[in-house]
Amino acid sequence: MSSNSMPRSVSLRRSVLSVPAINSRALEKTHGLDCDAIIFDLEDSVAPEKKAEAREKLKAFFSGKPLANKERIIRINTLSSTFGHADMELVRTLEPDAVLLPKVNEPQDVMSVGDLLADADAPESLRIWAMIETPRGILNAAAIAEAGRTQGSRLDCFVLGLNDLRKETGVLPQPGRTYLVPWLMQVVLAVRAYGLDAIDSVFNDFRDADAFDAECAHARAMGFDGKMLIHPAQIDAANRHFGPDASAIAEAEAIIAAFADPAAEGLNVINVNGRMIERLHLVQAEGLVHKARLIAERQTAK
Ligand SMILES: CC(C)(COP(=O)(O)OP(=O)(O)OC[C@H]1O[C@@H](n2cnc3c(N)ncnc32)[C@H](O)[C@@H]1OP(=O)(O)O)[C@@H](O)C(=O)NCCC(=O)NCCSC(=O)C[C@H](O)C(=O)O
Ligand SMILES: [Mg+2]
């Protein structure tokens, strides 16, 4: 490998919809939605007196019709809260694809949950996602991501939480997220250094499609893999922005074909349609075509 960063496997996490576990109607609707992943939320969208009921609803949902073609993630309450350990017990029982930890401040927060999963002999396929949404979480993003390299670590993905971060820092919502960008980029850099994925924060004003569109474009340009969503109306735009478009696929296929040509044998740099293309672009092109294939497979599996 020519770079110092960790290799990344390509997964489809363009649209990651949060569903309050207490909302049975919304839970049922998830079967018919075209998002890549669902976060079943036991944390902030569930009132304290409803946490137990929400766990029961989630148990019933998981024992029903399987959710096809979507990653299933359960967001628990922090382990330091009254609810965290009961939530983890549910995670051990339901064995979703991942558990999402809110308000991660330091590597130990991830390690503690990893230890609980290991003690419970949870399958290796059960991954850990971390919400980065506190000042300490941002400051420690690289150290937390590095914990993902530790032997046996299940850490797989960071999700930004800008509602909490704004609350903790006093930064105001603004178009373009001017004062948040340095922190967002710090998180993107951390995940890229250690081979994780990064999902951008929710956009609360779900009826403002234009502003949501602009924020998706912004997040994609910053390098995020997808967006956490709160409403089904946001799914199509997220899929469009975080998936490769037809021209990007055509360009990637041209790069792959050019390097496959015997004339390119032994060359590290070639001319493709008037642009300098190196073998590092071939790696990018292969990743993009692979992602396009995953999307096409999802479409045919529906
Ligand atoms: C925001 C909402 C409370 C709005 O709900 P509602 O008023 O019901 O919206 P609509 O009438 O427009 O809904 C239309 C239909 O769509 C279904 N629906 C709505 N939202 C969802 C959803 N998330 N998943 C599945 N289905 C959904 C409704 O049931 C309607 O169906 P029907 O009756 O058949 O027409 C609501 O959208 C909502 O609760 N959203 C999720 C909230 C949530 O999960 N919050 C936690 C995540 S936010 C976060 O993590 C912040 C982060 O921590 C940070 O710090 O930033
Ligand atoms: Mg939050």
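**Helices side by side**

Tutor: Start with helix α9 (residues 209-222) and helix α10 (residues 235-242), which pack at an angle of about 30° with their axes 9 Å apart. This is a predicted model, where local features need pLDDT of at least 70, side-chain atom pairs count only at pLDDT 80 or more, and totals for chains, interfaces and linings use all residues. Residues are numbered from 1 along each chain as its sequence is written, with chains lettered from A and ligands numbered from 1 in the order in which they are written.

Student: Why is α9 called roughly parallel to α10?
Tutor: Angles under 35 degrees count as roughly parallel, over 145 as roughly antiparallel, 65 to 115 as roughly perpendicular and the rest as oblique. The angle here is about 30°, so α9 is roughly parallel to α10.

Student: Which residues of α9 and α10 meet?
Tutor: A209, F212, D213, C216, A217 and R220 in α9 meet A237, A238, H241 and F242 in α10. Being in contact means that C-beta atoms, placed from the backbone, lie within 7 Å. By class, these residues divide into 7 nonpolar, 1 polar and 2 charged.

Student: What makes α2 and α3 roughly parallel?
Tutor: The axes of helix α2 (residues 51-63) and helix α3 (residues 84-94) cross at roughly 5° and come within 11 Å. Therefore they get the label roughly parallel. R55, L58, K59 and F62 of α2 meet A86, L90 and L94 of α3. That contact has 5 nonpolar, no polar and 2 charged residues.

Student: Why is α11 called oblique to α12?
Tutor: Helix α11 (residues 246-260) and helix α12 (residues 279-301) pack at about 130°, with axes 9 Å apart. That angle makes α11 oblique to α12. The contact includes I255 and F259 of α11 and A285 of α12. In it are 11 nonpolar, 1 polar and 2 charged residues.

Student: What about the nonpolar core?
Tutor: A nonpolar core is a set of buried Ala, Val, Leu, Ile, Met, Phe, Trp, Tyr and Cys residues joined through C-beta atoms within 7 Å. Buried means 20 or more other C-beta atoms within 10 Å of a residue's own (exposed is 12 or fewer, partly exposed in between). Of the 68 residues in the largest core, L100, L101, A130 and V187 touch the most other members. Helix α8 (residues 181-194) gives the most to this core, 6 residues. A second, separate core of 6 residues includes I255, F259, I277 and A285.

Key. Axes fitted to C-alpha atoms, helices over the stretch in contact; angles between N-to-C directions. Helix = DSSP H or I, 4+ residues; strand = E, 2+ residues; numbered from the N terminus. Contact = placed C-beta atoms within 7 Å. Nonpolar A, V, L, I, M, F, W, Y, C, P; charged D, E, K, R; others polar.
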